[in-house]
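Below is a briefing on a structure with its sequence. Please read it alongside the 3D view.

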Amino acid sequence: MTPVAPIATLRAATWEDALEETLSSATHDGFGGDLIVHSVHDHVVNVQCFGGLIALAHDRLDDAPWTIRIPASGWPTLRAQAGDRVEVEGVPGDGHALVVHSVAGSVRIMLNAADRWTPVVDARTPSTTALRAARTALDAFTSPAAITPFGAASAQALDAGVERLRAAAMALLHGAATAESVTALIAEPIAQPVTEAARRLLGLGEGLTPSGDDILTGLAFLAAHPGFGLTAILEPVTAAVHDGDDSTTLLSLVTLRAALTGRARRRLHDLVTALIVGDNPRIVTMATETAAIGHTSGCDILTGIRLALDLAETARTRAPIPTATPQIAPPQGEFS
Amino acid sequence: MTRHIEIRKNSYLDSVSLMSMSTKANAVDGVTLALLGMATPMNKEVLLNVGVSDPAVDAAKPSDLMVVIDATDDTIGAAIEAVNDILARKNKGSGDAAEVRYRTLDGAFSEVADTNLVIISVNGAFAAREARKALNAGKHVMIFSDNVSVEDELALKTLAHEKGLLVMGPDCGTAIINGVGLAFANAVRRGNIGIVGASGTGSQELSVRIHDFGGGVSQLLGTGGRDLSAEIGGISMIDSIRALDADPETAVIVIVSKPPAEEVADKVLAVAGAASKPVIVNFLGSQRTESGYANVTMTSGTKPAAVAAVLAAGIDKSTLDLHALNIPLIEEVRAKLVPEQKYIRGLFCGGTLCDESMFAALDKYDNVYSNIQKDPQYKIGATDPSREHTFLDMGDDDFTNGRPHPMIDPTMRLQRLAQEANDPEVGVIAMDFIVGFGSHDDPVGVTIPAITEAKAKAAARGQHLEILGYVLGTDLDTPAVADQIAMLEAAGVTISSSSTNLGLLAREFVAKGDN
């Protein structure tokens, strides 16, 4: 008996071009039959692939790393459930398609070259005035107060974690001002506290992407833009994320890895461009859109971006501090 | 105060949902504290910091959801239920399946330790591997997948037999276990008749006929179509007969299969003969009429098998409507067909239904072609045009390779119906319509336009085209059989009351002269 249902075919609205290499590997390695649907949400279906995730997203959502956007008209046909099999197909002309096999039927999603989305890291350097204006504009987007007991229980640890990271990063950036090279700097013990502080935020807080991860995402994404002068913190944060497989959710890890390479949702790219050029109305618009991500995720990302802006200002002072390694005492009541 | 701690494996609820559920859970009467968070090391520390310590939390992984509920002693049960209800409703509303889904068998076994049956429906290349895992974990297995090698099937069934377990399949499309239909199945009354089937639609037909005659089904066990081959040796059939013999809720056992290997038939009949209960056997197309055992009755078709089963189960024969062949109807149809219209074309979704009709035709005619004919001289392929009497099992791999099964999607069959209607030598087109779990939700409705068109084509050349239909299903199925039949009758289709009668009627409609 062959329980096959008709295969519906639809064309992706857009897809991130970093997927090209992943999908090519899948087809060339004959690996195409082993992808599975990892999780299903209202407007996103996550597919597990090579230890990462590919998101099939309703096109009401914006472009994002590892994401294939599905036109609204085709979304209802994608009735996938966790555990469903997904195949990668090579398409003549060097294209690719994903075929999602679900109980309700199979859906082939064509990825046409014309529909690629390529996230661009804006490498321009913002003026100090622009930095300060941006920081002020983002002050209005603080994370909402915790409304659940778990949120309340983790809030204090989050605040402490952010301050620990701030202090460690500042020390690192001051050190960077005097180090001969970033390579030399990260070999120094001064980088290690940043890694430790990042580890203490990984997986901390509410949500499928816990708040600590979202904060790190905001920080890492801005740091990946060289004009902000924060590249020194990328390596130690990367080290924390690299070792973080057992520290947080897969979705968080995938998001963080992308942020560290300067890739994030399209609205975040637009926000950073507005920050760089000092376009205040645009900053407010894009920050508002960012804040709308998830329940607290967007605001937590903005918390990370604010932290990055603070650090960027500090980096510009280039004033070395006397102690090599900051010793941050945990606030009273924080767990060890 | 009582604390309930639960780890929900691989729970990927989005942040908004988690937050919303946490808020609602804390508002449930009797709950003093409900904590929901992903089980990351840092979040475990958060719990530890508020005094929650438990080995289950320690063992949880970042992909797991931790649920901690504190409630008063007299309300903890209701509180847990209320929180679970919120979580279940959210799962359903977010597009996830209402039931929990696991990515691996191991994950499912660790969560639901008392599971005793696993249904495997994966690519055939992986089915044996998963089935072996299940057997080694002490579970019975139903393999829906096809394309499992004979070697793997033999190894799996041997392993199962040694462990006292049952393997149903591969390519097992039908089962009813404790009243629950699995894969393709019909809603039938529960009762004391146990069915073992090596043919999917044959088992469905038996269960439906038994229901129609007032009987009920205790269990319906599938074995997969190859079980009675010489290579497999009927391992699952034999184990199933013994299991039903030991089942206190089963009083009568019915076996249905396409023709088995002779030596396997002997073994199966010997086991049946050793059973303590009446056993009714229907080896379709077999010439055997005697079993050699007092408690084993050989029958010639699915309907006779069902009749024998319900009688053995205690149904009063005087209450049965046996639907004897309608001779006036046969005469009426014969009168409508012109001499040129000599042939039957059978377009079937169900393989066993096709077999049964084909065997009925073979009793009278030699020139019977089919894609499931054993005689190579009369075997035709899916793309070959029909010849003389042709019976097509359109659910066979020939037709379904890369295409939907006709029980799900009728497209191929509709196209074939249009082709057959072009042939002026065709007098009867026989078709089955299968309703129930897993099938198309309106198999008749989607076929009516093609039936109307086919009849119109024949009428345009001055012929009556007899379309003979059989709807396999019960009054409890969705859609209701009565509604499907009414639609067919309105379209001028003659209705058969069973698979057995379908073959007999088709055969008789086109009989000419001294036939």
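This is a predicted model: local features need pLDDT of at least 70, side-chain atom pairs count only at pLDDT 80 or more; totals for chains, interfaces and linings use all residues.

Residues are numbered from 1 along each chain as its sequence is written, and chains are lettered from A and ligands numbered from 1 in the order in which they are written.

**Chain B overall**

- Chain B holds 18 helices and 19 strands; helices (H or I, at least four residues) and strands (E, at least two) are DSSP runs numbered from the N terminus.
- Of the 515 residues in chain B, 51% are buried; a buried residue has 20 or more other C-beta atoms within 10 Å of its own, with C-beta atoms placed from the backbone.
- Taking contacts in chain B between residues at least 6 apart in sequence, 69% join residues at least 24 apart; a contact requires C-beta atoms, placed from the backbone, within 7 Å.

**Six-stranded sheet of chain B**

- Six strands form an open sheet with parallel pairing, in the order E15-E16-E14-E17-E18-E19 (chain B); two strands pair if DSSP finds at least two bridges between them.
- Its edge strands, each pairing on one side only, are E15 (368-370) and E19 (494-496) of chain B.
- On average, neighbouring strands of this sheet are turned by 20° against each other, direction ignored; axes are lines fitted to C-alpha atoms, for helices over the stretch in contact, and angles run from 0 to 180 degrees between N-to-C directions.
- Seven bridges join E17 (residues 426-434) and E18 (residues 466-472) of chain B in the parallel sense, and Phe433(B) stands opposite Val471(B) in E18(B).
- Helix H13 (residues 351-362) of chain B packs on the sheet and touches E14 (343-348), E15, E16 (389-393) and E17 of chain B. The direction of H13 makes about 165° with that of E16(B).

**Three-stranded sheet of chain B**

- A further open sheet has three strands in the order E4-E5-E6 (chain B), with parallel pairing.
- E4 (117-120) and E6 (167-168) of chain B are the edge strands, and each pairs on one side only.
- E5 (residues 140-143) of chain B pairs with E6(B) in the parallel sense over two bridges; Val141(B) stands opposite Val167(B) in E6(B).
- Helix H6 (residues 124-136) of chain B lies across E4, E5 and E6 of chain B and runs at about 165° to E5(B).

**Ile195(B)**

- Ile195(B) is in strand E9 (residues 190-197) of chain B and counts as buried because 32 C-beta neighbours lie inside 10 Å.
- Not counting residues up to four places away in sequence, Ile195(B) touches Ser203(B), Leu206(B), Ser207(B), Val217(B), Leu220(B) and Val254(B).
- The C-alpha atoms of Ile195(B) and Ser207(B) are separated by 7.7 Å, with the two residues 12 apart along the chain.

**Contact between chains A and B**

- The contact takes 47 residues from chain B and 42 residues from chain A.
- On the chain B side, the elements giving two or more residues are H1 (15-26), E2 (31-38), H2 (41-49) and H14 (397-400) of chain B.

**Helix pair in chain A**

- The axes of H9 (residues 266-277) and H10 (residues 280-291) of chain A come within 9 Å and cross at roughly 155°.
- H9(A) and H10(A) are therefore roughly antiparallel to each other, a term for angles over 145 degrees.

Definitions and conventions. A residue is buried if 20 or more other C-beta atoms lie within 10 Å of its own, exposed if 12 or fewer, and partly exposed in between; C-beta atoms are placed from the backbone. Two residues are in contact if their C-beta atoms, placed from the backbone, lie within 7 Å. Angles under 35 degrees count as roughly parallel, over 145 as roughly antiparallel, 65 to 115 as roughly perpendicular and the rest as oblique.
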